[in-house]
2 protein chains.
Amino acid sequence: MPRVIKHPELRREELLDHAQALFLTHGYDKASLNDVIAAAGVSKGAFYHYFPSKEALLEALAERFAKHALAGVQDILADPALDPLGRLNALLAKSRQAKIETAAEAWALFETLFRPENLVLFHRINLAASASISPHLVEIIRQGVDDGTFRTFDPEGVADIVMQFGLATHDVIAKAFASGTDADMDIAIEALEKRVRLYEIALDRILGIPDGSIRIGEPGYVRAVMTARRANPSASGAAASKKSR
Amino acid sequence: MPRVIKHPELRREELLDHAQALFLTHGYDKASLNDVIAAAGVSKGAFYHYFPSKEALLEALAERFAKHALAGVQDILADPALDPLGRLNALLAKSRQAKIETAAEAWALFETLFRPENLVLFHRINLAASASISPHLVEIIRQGVDDGTFRTFDPEGVADIVMQFGLATHDVIAKAFASGTDADMDIAIEALEKRVRLYEIALDRILGIPDGSIRIGEPGYVRAVMTARRANPSASGAAASKKSR
DNA sequence: CTATTATACCGACCATCGGTCTATTCTCAA
DNA sequence: TTGAGAATAGACCGATGGTCGGTATAATAG
């Protein structure tokens with residue numbers, strides 16, 4: 001193979017891009033390192049120059065997702081015009097939106113992320129996102145408890161429950177996505193929408209505030225995001241060669 | 001090796017036993033098939049006579065856990081003396097107890113199940129248990145909604161949240177278990193106990209019933225189970241040979 | 001008590017995996 | 001111009017999950 005030298009950061013991002021595409025389409029376990037380097041058009045030596053292991057690749061991928069998920073959160077935290085409830089709502093909306101949209105950079109990715117074999121990857125992403133967002137969430141809840149807006153004895157616990165909701169939806173969507181037909185898509189969307197409503201109310205009640213106080217996203221939000229993505233599948237990245245496995 | 005022929009069901013159970021011990025001590029990924037068959041004193045051919053793949057072994061293991069978790073639930077469902085709340089409490093207590101005690105058949109198993117590398121195994125078990133218990137949970141909640149005891153528009157969603165709680169505890173415990181010292185153990189137990197209290201109240205509020213109505217286990221229950229196990233480590237199963245890896 | 005078939009089991013073998021290592025080529029500062 | 005180090009290639013390695021042809025035992029029939 002001819003030797004091509006690129007800017008290190010570019011190459012690293014390229015590797016991450018191809019890894020993301022392959023992990024999402026085949027799952028972390030089934031997508032082999034050889035597949036990744038083949039897709040990226042790079043030798044093994046080059047790969048191990050950038051990453052110490054395949055596991056590290058997964059980690060880096062999760063971090064990249066998390067970093068994206070955290071973007072913009074600072075503004076919300078600093079906004080003096082927001083009370084605890086407003087701040088919580090804004091953070092939740094931001095977090096959920098960032099997670100969905102990051103994961104759904106292309107429709108194909110979004111669809112495959114919810115396949116059962118991607119549970120590990122999804123969990124990693126969720127964990128990484130939680131790690132970066134959770135402390136802020138705890139702080140906001142604590143503020144709300146202090147000024148009497150919220151009513152709970154365990155802010156960390158509530159934050160965990162909130163972050164957990166993302167994971168809970170995985171099975172719901174995975175099930176409905178199973179066949180991939182339009183009808184099943186509709187079912188999936190409805191189920192997810194309903195589930196979001198329940199999470200909002202659950203959170204309201206856990207925090208001891210009136211039903212409807214928490215708004216993760218407007219009704220129809222899930223459908224809007226998902227159908228928009230579907231209409232515009234955009235670039236899916238690597239043209240992974242078909243294999244029989 | 002001399003050929004030993006055993007009753008098929010016995011051999012299958014034996015394989016599951018050794019797989020359970022090894023998966024829990026080394027994690028699903030790190031415990032190789034060769035380790036399992038070596039521990040069971042069986043050839044590769046024999047193993048593949050009983051299971052189509054290593055993955056199937058994990059599946060079968062999860063099912064066995066789930067089956068155990070479901071034991072006794074029938075009595076609760078049939079008991080005419082219980083109202084929806086009582087039934088829900090009984091089922092929750094049963095479910096959680098069964099899960100903890102099944103997983104904790106020996107202290108060592110309990111401790112290792114919460115190691116990060118066992119997340120997949122834990123998730124499988126949780127999923128399998130959910131699949132068998134969840135329908136009953138939904139039915140009970142629905143009964144409660146019908147007779148006005150509970151207040152929710154999405155019984156399946158609530159059931160999912162309930163089953164999700166088990167998964168949420170994994171990270172909490174895993175973190176505190178990290179070092180393995182007595183002090184960290186105490187922290188883990190306290191954290192878990194506090195978390196259980198929160199889940200109870202969260203469930204109360206989600207269902208629109210007074211705080212304290214739901215009882216997953218008495219205060220001190222977690223500590224009782226865990227310290228009891230510790231004092232009596234019992235049989236850990238296969239004497240897996242040390243390896244450096 | 002044989003003969004036959006079905007089942008339980010063995011272990012050598014295989015492709016592939018993640019990972020290592022040495023050699024080569026490129027870049028760029030001195 | 002040169003030399004050090006970064007970037008890349010690809011042959012190679014042990015281990016892994018899985019396959020396959022064969023063998024021993026159990027079950028059944030005659």
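Me: Which hand does the crossing of α1(B) and α2(B) have?

Reply: The crossing of α1(B) and α2(B) is right-handed. A crossing gets that name if the near helix is turned clockwise from the far one by less than a right angle, and left-handed if the turn is anticlockwise. This is a predicted model, in which local features need pLDDT of at least 70 and side-chain atom pairs pLDDT 80 or more, while totals for chains, interfaces and linings use all residues. Residues are numbered from 1 along each chain as its sequence is written, and chains are lettered from A and ligands numbered from 1 in written order.

Me: What makes α1(B) oblique to α2(B)?

Reply: Helix α1 (residues 8-26) and helix α2 (residues 33-40) of chain B have axes that come within 9 Å and cross at roughly 125°. Axes are lines fitted to C-alpha atoms, for helices over the stretch in contact, with angles from 0 to 180 degrees between N-to-C directions. Angles under 35 degrees are roughly parallel, over 145 roughly antiparallel, 65 to 115 roughly perpendicular, and the rest oblique. The angle of roughly 125° therefore makes α1(B) oblique to α2(B).

Me: Which residues make this contact of α1(B) and α2(B)?

Reply: B:Glu14, B:Leu15, B:His18, B:Ala19 and B:Leu22 come from α1(B), and B:Asp35, B:Val36, B:Ala39 and B:Ala40 from α2(B). Two residues are in contact if their C-beta atoms, placed from the backbone, lie within 7 Å. By class there are six nonpolar, one polar and two charged residues. Nonpolar covers Ala, Val, Leu, Ile, Met, Phe, Trp, Tyr, Cys and Pro, charged covers Asp, Glu, Lys and Arg, and the others, Gly among them, are polar.

Me: Why is α10(A) called roughly perpendicular to α10(B)?

Reply: The axes of α10 (residues 182-206) of chain A and α10(B) come within 8 Å and cross at roughly 115°. That value is why α10(A) counts as roughly perpendicular to α10(B). The contact is made by A:Ala202, A:Arg205 and A:Ile206 with B:Ala202, B:Arg205 and B:Ile206.

Me: What makes B:Asp147 exposed?

Reply: B:Asp147 has 10 other C-beta atoms within 10 Å. A residue is exposed with 12 or fewer such atoms, buried with 20 or more, and partly exposed in between. B:Asp147 therefore counts as exposed. B:Asp147 lies in the loop between α8 (119-146) and α9 (155-177) of chain B.

Me: Why is A:His49 called partly exposed?

Reply: A:His49 has 13 other C-beta atoms within 10 Å, so it is partly exposed. A:His49 is found in helix α3 (residues 44-50) of chain A.

Me: How many helices and strands does chain A have?

Reply: Chain A has 11 helices and zero strands. Both are DSSP runs numbered from the N terminus: H or I of at least four residues for helices, E of at least two for strands. Of the 245 residues in chain A, 36% are buried.

Me: Which residues touch the most other members of the largest nonpolar core?

Reply: They are A:Val162, A:Ala202, A:Ile206, B:Val162, B:Ala202 and B:Ile206, in a core of 91 residues. Helix α10 (residues 182-207) of chain B gives the largest share, 10 residues. A nonpolar core is a set of buried Ala, Val, Leu, Ile, Met, Phe, Trp, Tyr and Cys residues joined through C-beta atoms within 7 Å. Leaving aside neighbours within four places in sequence, A:Val162 is in contact with A:Leu137 and A:Leu203.
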